[in-house]
Amino acid sequence: MDLTQISPFSDHSPVLDKQNPFESMMHRFDIAAQLLKTEPGVYEYLKTPVRQVIVSIPISMDDGEVKVFEGYRVIHNDILGPGKGGIRFAPDVTLDEVKALAAWMTWKCAVLNIPFGGAKGAVKCDPTRLSPLQIEKITRRYTSALLDFIGPDKDIPAPDMNTNEQVMAWIMDTYSMHMRRTEPAVVTGKPLALGGSLGRREATGRGCMIVTLAAMNKMGLKPQQTSVVVQGFGNVGSTTAHLMADQGCKVIGISDISGAYYSKKGIDLRKASEWVNVNRSLAGFTGGDRLSQEELLELECDVLVPAAKEDQITKRNAGKISAKIICEGANGPTSANADPILLEKGILVIPDILANAGGVTVSYFEWVQNRIGYFWSLERVHKRLGKMMSEAFDNVFETAEKHKVSLRIGAYVVAIDRVSQALKLRGIYA
Ligand code: NAD
C-alpha cells in the first residue's frame with residue numbers, strides 16, 4: 001500500500017486540545033459524516049439515542065439496610081437490528097458515558113455488517129465493596145426493571161467492565177423466569193453450559209490478529225520478519241500476543257499495569273502467561289528487561305497493539321511512536337488529536353471499531369446459535385470470524401483508499417453509510 005496516497009486533509013480538521021475518548025469518537029464521526037455529505041436530518045438522527053432508560057434498583061444489603069442504586073440502558077440506534085452492547089458496573093458511570101458507549105457499538109456492529117444496533121447499560125455501584133449476593137441481587141433487580149426493553153429481538157446485553165459470565169447467567173435466568181421459558185438468546189457472553197459460544201473468550205484477540213495480518217500483507221510485511229509490541233496482558237493483549245507469535249511474529253515487548261518488559265530476541269509468552277497465572281500480574285517477571293510504560297509504546301517495532309485502556313497515544317507521544325502498524329485492541333487508545341500526527345508519520349492505524357470487533361462478532365454468533373438451537377464447532381467459529389473480519393478489513397481499506405482518508409475515517413464512513421442507507425430505505429415513520 002502506498003501510504004502517501006492517503007491525503008490527510010479530512011483528518012486534519014481542528015480538534016479540541018483536551019479530549020476524552022467519546023469526544024474523540026464524535027470528532028471522527030463528524031469528519032466521516034461530512035465526507036459522506038450526510039443530510040442534516042439524518043446526521044441529527046444518527047447522533048441521538050433512540051431510547052434512554054433510567055431505573056432505580058433497591059436492594060436489601062447483607063446487614064438488612066436498604067440501598068438504592070441507579071441503572072441505565074441506552075439503545076443508541078436500532079435501524080439495523082436489536083440493540084447490542086455490554087453492561088458495566090462502576091461507581092462513577094454516568095448516563096452520558098453510557099450514551100457515548102452505545103453509539104460506539106452502533107458503529108462497531110455496522111463496520112462488521114452485523115445485524116445489530118448499538119446499546120450499552122450500566123449500574124452505578126462499586127463492585128469491590130459488594131458481596132457476591134449483593135451483586136446477584138443488583139443484577140436480577142436491574143434485569144427485572146428492564147424486562148420491557150431487553151430481549152432476543154429487542155436488545156441483547158453482554159459483559160463489560162466488572163461484569164462477567166456469572167452476571168450474564170443471572171440475567172438469562174431472571175429474564176427466563178419472567179418469560180416462563182428458558183431464553184438463552186437474551187444475553188451473550190454466557191458460560192458454555194448455558195449456551196455460550198466456543199471461541200468467545202479469545203475472539204477479540206483473534207480478530208486483532210486477523211486484521212493485523214491483513215494490514216501486514218498490504219505493507220508487504222512477512223510474519224517471520226515482523227516484531228510486535230503489546231500493551232496490556234489481559235484477555236485481548238495476551239491472546240493477540242500468543243496468536244501473533246503462533247503466526248511466526250516475534251513479540252519483543254509486553255506490559256501490564258505493573259510494568260513493561262522488552263526482549264530483543266523475543267519474549268517467551270508461555271512463561272509470561274504462566275507468570276501471570278501464578279502471580280496475577282507481570283510484576284517481577286524475569287523474562288525481559290524492565291522498561292517504563294512510555295518506553296514500551298515508543299519501542300522500535302513493526303506492529304504496536306495497545307490493548308490496555310483508552311488515551312494511551314496522544315498528541316504528547318504520537319510523534320515518538322516508531323511502529324509501522326498500530327492495531328487498536330483497546331477501545332479508544334488513540335485520542336483524535338494524535339490521528340494527524342500518526343498519519344503524517346505513515347503509520348497504518350487499524351481503528352478500534354474494526355480491530356477489536358471480533359468480540360461482538362462472536363457474540364453475534366452466540367446469539368445465532370442460541371436462536372437456531374445448534375452449536376458450532378470451534379473450527380466453524382474461527383472460520384466465520386476470519387471471514388467476517390477479513391471482509392470488514394477489505395471493505396474499510398477500499399473505502400479509505402477511495403476517499404483518500406485513514407482507515408479510521410474509512411471505518412466510520414462504512415458504518416455511517418450502512419446505517420444511513422438502511423434509514424433511508426426504512427423511512428421516517430410518523
Ligand atoms: P483485561 O482487564 O483482561 O486486561 C487489561 C490489561 O491491561 C491488564 O493486563 C492490565 O494490567 C493492563 N493495563 C491496565 N492499565 C494499564 C496501563 N496503564 N499500562 C499498561 N497496562 C495496563 O481487559 P481486556 O478485556 O483485555 O480489555 C482491554 C481493552 O480492550 C479495553 O479497552 C476493553 O474495553 C477493550 N475490549 C475488550 C474486549 C473483550 O472482548 N475483552 C472487546 C473489545 C474491546
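**Exercise 1. Surroundings of H76**

Task: Leaving aside neighbours within four places in sequence, list the residues with which H76 is in contact, then place H76 in the fold and find the polar contacts of its side chain.

Solution. 
- Step 1. With neighbours within four places in sequence left out, the contacts of H76 are L46, K47, T48, P49, V50, A102, A103, T106, W107, G118 and A119.
- Step 2. The model is predicted. In it, H76 belongs to strand β2, which covers residues 66-77.
- Step 3. The relative accessible area of H76 is 2%. The cut-off for buried is under 20%, so H76 is classed as buried.
- Step 4. Two of the listed residues return in the polar contacts. The side chains of H76 and T106 are joined by a polar contact of 2.7 Å. A polar atom of the H76 side chain also lies 2.7 Å from the backbone oxygen of L46.

**Exercise 2. S24 and A336**

Task: Which backbone atom does the side chain of S24 reach, and at what distance? Describe both residues.

Solution. 
- Step 1. Helix α1, residues 21-35, contains S24.
- Step 2. S24 has a relative accessible area of 1% and is therefore buried.
- Step 3. The S24 side chain reaches the backbone nitrogen of A336, and the distance is 3.0 Å.
- Step 4. A336 is in the loop that runs between β11 (325-327) and α10 (339-344). Its relative accessibility is 1%, so A336 also counts as buried.
- Step 5. For the wider setting, compare sequence and space. S24 and G332 are 308 residues apart along the chain, yet their C-alpha atoms are separated by 7.9 Å. A336 and I313 are 23 residues apart in sequence, with a C-alpha to C-alpha distance of 9.4 Å.

**Exercise 3. The ligand shell**

Task: How many residues surround the ligand, and which are the closest? Then find the backbone atoms that lie by its oxygen atoms, and the elements that supply the shell.

Solution. 
- Step 1. The ligand is surrounded by 19 residues, and the closest of them are T204, F233, N235, V236 and I257.
- Step 2. Sorted by class, the shell holds six nonpolar, ten polar and three charged residues.
- Step 3. For G234, the distance from a ligand oxygen atom is 3.2 Å. For N235, it is 2.9 Å.
- Step 4. The ligand taken alone exposes 830 Å², and the protein buries 70% of that.
- Step 5. Helix α7 (235-246) and strand β7 (250-256) each supply at least two residues of the shell.
- Step 6. F233 leads on to S273, which touches F233 and H242 when residues up to four places away in sequence are not counted. S273 is located in helix α8, residues 269-279. With a relative accessible area of 18%, S273 falls in the buried class.

**Exercise 4. Positive phi angles**

Task: What is the phi of N162, and what is the phi of R180? Compare where the two residues lie.

Solution. 
- Step 1. Most residues other than glycine have a negative phi.
- Step 2. N162 has a phi near 65°, a positive value. R180 likewise has a positive phi, near 65°.
- Step 3. N162 lies in the loop between β5 (155-159) and α5 (165-179). R180 is in the loop between α5 and α6 (203-218).
- Step 4. At a relative accessible area of 46%, N162 is partly exposed. R180 has 73% and is therefore exposed.

**Exercise 5. P223**

Task: Is P223 buried or partly exposed, and which residues does it contact?

Solution. 
- Step 1. P223 sits in the loop between α6 and β6 (227-231).
- Step 2. Its relative accessibility is 21%, so P223 counts as partly exposed.
- Step 3. Apart from neighbours within four places in sequence, P223 contacts L213, M216, Q247, G248 and C249.
- Step 4. S281 is 58 residues from P223 in sequence, and their C-alpha atoms are 28 Å apart.

**Exercise 6. Confidence**

Task: What is the mean pLDDT of the protein, and over which residues is the pLDDT below 50?

Solution. 
- Step 1. The mean pLDDT is 94, and 96% of the residues reach 70 or more.
- Step 2. The pLDDT is below 50 over residues 1-18, a stretch that has 40 contacts in the model beyond near neighbours in sequence.
- Step 3. Where pLDDT is low, predicted coordinates should not be read in detail.

Terms used:
Residues are numbered from 1 along each chain as its sequence is written. This is a predicted model: local features need pLDDT of at least 70, side-chain atom pairs count only at pLDDT 80 or more; totals for chains, interfaces and linings use all residues. Side-chain values use heavy atoms; hydrogens and water are left out. A residue is near a molecule or strand if one of its heavy atoms lies within 4 Å of it. A polar contact is a pair of N or O atoms within 3.5 Å; within protein, one must be able to donate a hydrogen and the other to accept it, and residues adjacent in sequence count only if both atoms are side-chain atoms. Accessible areas come from the Shrake-Rupley method with a 1.4 Å probe; for residues, only the protein chains shown count as cover. Helices (H or I, at least four residues) and strands (E, at least two) are DSSP runs, numbered from the N terminus. Ala, Val, Leu, Ile, Met, Phe, Trp, Tyr, Cys and Pro count as nonpolar, Asp, Glu, Lys and Arg as charged, and the others, Gly among them, as polar. Buried means under 20% relative accessible area, exposed over 50%, partly exposed in between (1.4 Å probe, protein chains only). Contact means heavy atoms within 4.5 Å. pLDDT is the predictor's confidence in each residue, from 0 to 100.
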